[in-house]
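Grab a pencil and work through these exercises with the structure open beside you. Each task comes with a worked solution, taken step by step.

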Protein chains: 2
Amino acid sequence: MNFLEERIVKDGVVKKGNVLKVDSFLNHQMDIKLLDEMGAEFKRRFADKPINKILTIEASGIGIACVAAQHFNVPVVFAKKSQSINLDGDMYVAEVESFTHKCINHVIVAQKFLSPSDHVLIIDDFLANGCALQGLLQIVQSSGATVEGIGIAIEKGFQPGGRIIRNLGFQLESLAIVDGMNAETGEIQFRDQSKMNGSAGVGKDRICRSATLD
Amino acid sequence: MNFLEERIVKDGVVKKGNVLKVDSFLNHQMDIKLLDEMGAEFKRRFADKPINKILTIEASGIGIACVAAQHFNVPVVFAKKSQSINLDGDMYVAEVESFTHKCINHVIVAQKFLSPSDHVLIIDDFLANGCALQGLLQIVQSSGATVEGIGIAIEKGFQPGGRIIRNLGFQLESLAIVDGMNAETGEIQFRDQSKMNGSAGVGKDRICRSATLD
């Protein structure tokens with residue numbers, strides 16, 4: 001197990017309905033030393049890429065992205081989830097479905113912060129169905145910028161988001177991939193990433209409403 | 001002028017209605033080196049306080065808080081703005097009004113992340129009427145924890161939030177206090193903080209609906 005898998009086993013809580021709570025160290029209370037370790041690992045995995053900007057999405061991606069950005073020495077842009085009246089000018093907008101919150105969100109980035117000369121690393125805390133991530137990919141591609149890679153803290157490997165994104169050819173690096181959880185025993189099964197071939201994944205695809213990458 | 005005031009003059013944009021846009025370096029795109037400099041300055045101003053936790057509020061406070069936390073070597077907790085179905089257990093909830101978004105938000109922190117043994121530094125990007133901040137103060141006080149101080153990037157000194165908070169006896173440190181803006185000329189007037197006496201501020205108080213500190 002790597003450092004994040006060890007922390008998930010130690011402090012994560014498995015709940016019914018395939019919910020993994022990591023709010024004591026990742027997405028409500030944040031262990032900054034852990035975030036720094038994650039940032040160093042993202043830098044190691046994307047060391048050969050000419051990344052000049054990190055893109056994430058509010059809210060829980062921001063802390064991970066900002067600490068990681070110190071390892072890349074680049075600025076962070078965070079996508080907003082609904083139209084703010086303080087956002088003016090031209091914007092990139094993608095419509096994405098949130099299964100957690102049971103609603104449709106508009107994901108928004110001001111056009112002035114992404115251009116064809118940008119080489120973007122997308123960072124987020126969770127990847128499950130991948131709807132939010134597909135919205136971010138749509139926005140980067142709309143801007144003409146290049147997606148150099150995607151760094152995720154925890155991927156739910158039993159949901160289709162990761163497989164879809166890898167099948168599209170993106171370098172997707174998830175620091176921990178959870179292939180199964182048992183709410184009764186608390187057991188968590190991690191994927192052995194040393195054996196990954198880029199097409200791993202189980203389950204029927206759940207089509208995200210944004211469906212921006214067809 | 002200090003480093004943040006210089007950056008506001010260089011890259012901030014004054015809009016009609018006393019709007020100061022700093023989205024190119026602070027709250028949409030984030031200059032991580034600037035955030036690091038801000039974190040170091042917060043550490044300098046609160047050097048004598050036994051801070052063991054930083055509390056902020058989603059979304060734009062999170063990046064500032066996480067980078068600052070590296071200077072304090074403490075975890076960050078961010079308050080959420082609406083009930084999430086992934087938040088279970090007991091929660092502290094404060095109701096606050098957002099003038100920017102013209103709505104009422106519930107500010108929420110899980111009770112397990114704040115206890116009477118905590119010494120909290122609150123960090124946020126903007127302070128204007130102070131409604132969100134009052135919600136955070138209410139939550140910390142509900143938990144029995146101690147508020148050691150409040151660190152703000154930009155305070156709108158012509159709105160009453162800062163004066164109210166200082167009058168209540170809190171150590172409030174704003175890295176830049178804007179006392180006036182001219183949307184036609186783009187001029188920004190900063191308060192000379194070397195002359196502050198703790199009761200500066202102009203204008204009639206606008207009472208926040210949360211009114212938690214009466």
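## Exercise 1: A buried phenylalanine

A:Phe25 has a relative accessibility of 0%, so it counts as buried. Bear in mind throughout that this is a predicted model.

**Task.** Work out where A:Phe25 lies and which residues it touches, leaving aside those up to four places away in sequence.

**Solution.** 
- Step 1: find the element. A:Phe25 sits in the loop of chain A that runs between strand E2 (19–21) and strand E3 (29–30).
- Step 2: list the neighbours. Beyond four places in sequence, A:Phe25 touches A:Leu4, A:Arg7, A:Ile8, A:Asp11, A:Gly12, A:Met30, A:Asp31, A:Leu34 and A:Leu35.
- Step 3: take one of these pairs. A:Asp11 is 14 residues from A:Phe25 along the chain, and their C-alpha atoms are separated by 7.7 Å.
- Step 4: zoom out to the chain. Of the 214 residues of chain A, 57% count as buried. Among contacts in chain A with a separation of 6 or more, 63% come from residues 24 or more positions apart. Chain A has 5 helices and 11 strands.

## Exercise 2: Helix pairs within chain A

**Task.** Describe how H2(A) packs with H1(A) and with H3(A).

**Solution.** Here's what to look for: two packed helices are described by the angle between their axes and the distance between the axes.
- Step 1: start with helix H1 (residues 3–11) of chain A and H2(A). Their axes come within 10 Å and cross at roughly 150°. An angle over 145 degrees counts as roughly antiparallel, so that is the label for H1(A) and H2(A).
- Step 2: name the residues. H1(A) brings A:Phe3, A:Leu4 and A:Arg7, which meet A:Leu34, A:Glu37, A:Met38 and A:Glu41 of H2(A). This contact of H1(A) with H2(A) splits into 4 nonpolar, no polar and 3 charged residues.
- Step 3: move on to helix H2 (residues 32–45) and helix H3 (residues 60–72) of chain A. Their axes come within 8 Å and cross at roughly 55°, which makes H2(A) oblique to H3(A). The crossing of H2(A) and H3(A) is right-handed.
- Step 4: again, name the residues. From H2(A) come A:Leu35, A:Asp36, A:Met38, A:Gly39, A:Ala40, A:Phe42 and A:Lys43, and from H3(A) come A:Gly63, A:Ile64, A:Val67, A:Ala68, A:His71 and A:Phe72. In the contact of H2(A) with H3(A), 8 residues are nonpolar, 3 polar and 2 charged.

## Exercise 3: Where H3 meets H3

**Task.** Find the angle at which H3(A) and H3(B) pack, then say which residues make the contact.

**Solution.** 
- Step 1: the geometry. The axes of H3(A) and H3(B) are 8 Å apart, and the packing angle is about 50°. H3(A) and H3(B) are therefore oblique to each other, and their crossing is right-handed.
- Step 2: the residues. H3(A) supplies A:Ile62, A:Gly63, A:Cys66, A:Val67 and A:Gln70, while H3(B) supplies B:Ile62, B:Gly63, B:Cys66, B:Val67 and B:Gln70.
- Step 3: The contact of H3(A) with H3(B) divides into 6 nonpolar, 4 polar and no charged residues.

## Exercise 4: The cysteine pair

**Solution.** 
- Step 1: recall the cut-off. A disulfide needs two cysteine sulfur atoms within 2.5 Å.
- Step 2: compare. The closest cysteine sulfur to that of A:Cys66 is in B:Cys66, 6.9 Å away, so the pair is too far apart for a bond.

Definitions and conventions
Residues numbered from 1 in each chain as written. Chains lettered and ligands numbered in written order. Predicted model: local features only at pLDDT ≥ 70, side-chain atom pairs only at ≥ 80, totals over all residues. Heavy atoms only, no water. Axes fitted to C-alpha atoms, helices over the stretch in contact; angles between N-to-C directions. Helix = DSSP H or I, 4+ residues; strand = E, 2+ residues; numbered from the N terminus. Parallel < 35°, antiparallel > 145°, perpendicular 65-115°, else oblique. Left-handed = near helix turned anticlockwise from the far one by under 90°. Contact = heavy atoms within 4.5 Å. Nonpolar A, V, L, I, M, F, W, Y, C, P; charged D, E, K, R; others polar. Buried < 20%, exposed > 50% of the residue type's maximum accessible area, 1.4 Å probe, protein only.
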